[in-house]
Amino acid sequence: MAETLAMSEPLAFGAAGRVAVIDVGSNSVRMVVYDRTIRVPVVLFNEKVMCGLGRGVASTGRLSADGVALALATLRRFACLLRAMKVGAVEAVATAAVRDADNGVEFVAQASAACGRKVRILSGQEEARLSALGVAAGIPDARGLVGDLGGGSLELVEIDGATQGRRATLPLGPLVLADRAGGDLNVAKRLIDEALASLDWLGAARGRALYGVGGAWRALGRIEMELAGYPLHLLHQYVMEDAAVRMLCRRITRMSHKSLEKLPGAPKRRTDTLPYAALVLDRVVRATKVERVVLSSFGLREGVLYDYMPGPVRAEDPLLAACQLLSNRLGRFPDHAEELALWTAPLFASETGHRRRLRLAACYIGDIGWRIHPDYRAEHSMEEVLRAPLVGLEHPERAMLALALHARYRGVQRSAAADRLSLLLDPEQINWCQGIGHALRLAHTLSGAAPGILDDCPIGVEAGAVVLRLAGRCRDLASDEVTRRLEALARVLGMTPLMAVD
């Protein structure tokens, strides 16, 4: 028998130590290990094995024998890694294929012994609830309908932030659907439409967003990105308009297996189920009449974590929490960020709440490139923002943060990477990036990025001029470099510079 892990309360927030979530799905078995239980925990380990437990469940009533063997071997491997990583708490859950199979309970007993932790079988309603919680964790302002497509089922949930409305689970996962339809896409289409027609509340999502969760739908998003030449390779909060979704899905369902394998971005492990995933997405978009599909990398596993979060932790802004964590890890003087936020505020007095949030985020991460050679700081910081696990911001907002840091280190000098990223933004947004970047550039030059200085060097806008006041002990901070950077900031803001030394 596998060694039992010593755990009392699962995923206790506020407790020190690493935590893990094991997701025994219909198509894959995945384990994610997080550094600790905070609002946006850092992923230390993330591994997925395509076991195919749900293959044949619809026709045989039993989990795939080969899938069971591979799943148990995978769970034993995970148990070894959990012990080596000294993970303090683990939550293990199983979804559609396991709950629907005649031998699901028998498998769960074996799986629990293999991973050293009791595996909990989620009901369809509970799976839907947790998936929607995961979306809320990563996209706090989500409004519309969550659709989580696993290998065995489709969960649909009305969502308004962290508040959920009606929800349902349908046997429309690609593995189950292909089995039920006998490999006939026309039959599959009829099965999908019949299932969706049983939900008379889907029309309430008309004109809103469908938040797509699950590896199959993310695979479709990756294909769309490649075909469109999209400048970012980030699936979380990637937006596809309804017409583009229907066109992509129609193309996928009409392609042969060999053609799918050659399609840019298409994962070879999913080519046999991808047409069914595309068909489900197409029929859901048509039935609900949503205007766009927003992909979410957060789903069931993140929902399990979010479910354990105390109210005050949930209430934290995930973007600012993640940026603060990044600052603590990579910045020289993390406490300087709060001063930067106060110091730059007078320059952007008319900003909206959304822009204020982005400015605060930029202040937190404005010094993350200091360890890098000066010639590469701009590109490195920009790429760090583009690749960091930041959530709670749309792609144009991420691009704005990245370009703001590029300007913070390079000023108005352009680069091919920055120009490509600028394609996501309009001129006003680009000007904002330059303004924030130059403000941070001046602040860090003036203060040396050290806390306790900026409070005595106020900056503001007076009669069309950017005025920097240096008084008392701060008079000695004046320099040619400070003057040049004040002038550059004023040019970007369309004002004149003024340094008042008292």
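User: Which strands does helix α12 lie across?
Analyst: Helix α12 (residues 300-308) lies across β1, β2 and β4 (87-94), at about 135° to β1. Helices (H or I, at least four residues) and strands (E, at least two) are DSSP runs, numbered from the N terminus. Angles run from 0 to 180 degrees between N-to-C directions of axes fitted to C-alpha atoms, for helices over the stretch in contact, with contact meaning heavy atoms within 4.5 Å. This is a predicted model: local features need pLDDT of at least 70, side-chain atom pairs count only at pLDDT 80 or more, and totals for chains, interfaces and linings use all residues. Residues are numbered from 1 along each chain as its sequence is written, and side-chain values use heavy atoms, leaving out hydrogens and water.

User: OK, in what order do the five strands of the open sheet come?
Analyst: The order is β3-β2-β1-β4-β5, and the pairing is mixed. Strands count as paired if DSSP finds at least two bridges between them.

User: Which strands stand at the edges?
Analyst: That's β3 (43-50) and β5 (119-121). Each has a single partner strand, so one side of each lacks a neighbour in the sheet. On average, neighbouring strands here are turned by 15° against each other, direction ignored.

User: And how many bridges join β1 to β2?
Analyst: Six, with β1 (residues 18-24) and β2 (residues 28-34) running antiparallel. Val21, for instance, has Val32 in β2 as its bridge partner.

User: Switching to β13 and β14: parallel or antiparallel?
Analyst: Parallel, over six bridges between β13 (residues 465-470) and β14 (residues 496-501). Pro497 in β14 is the bridge partner of Val466.

User: Now α4. Which residues of that helix are buried?
Analyst: Gly104, Phe107, Val108, Ala111, Ser112, Ala114 and Cys115. Buried means under 20% relative accessible area, exposed over 50%, partly exposed in between (1.4 Å probe, protein chains only).

User: What do those buried residues pack against?
Analyst: They pack against β1, α2 (65-85), α3 (96-100) and β5. On the other side of α4, Val105 and Ala109 are exposed.

User: What about Ala449, what's its phi?
Analyst: Positive, about 65°, although Ala449 isn't a glycine. Most residues other than glycine have a negative phi. Ala449 sits in the loop between α20 (427-447) and β12 (459-462).

User: Is Ala449 buried or exposed?
Analyst: Ala449 counts as buried, because its relative accessibility is 1%. Ala463 has a positive phi too, near 50°, and lies in the loop between β12 and β13. At 90% relative accessibility, Ala463 counts as exposed.
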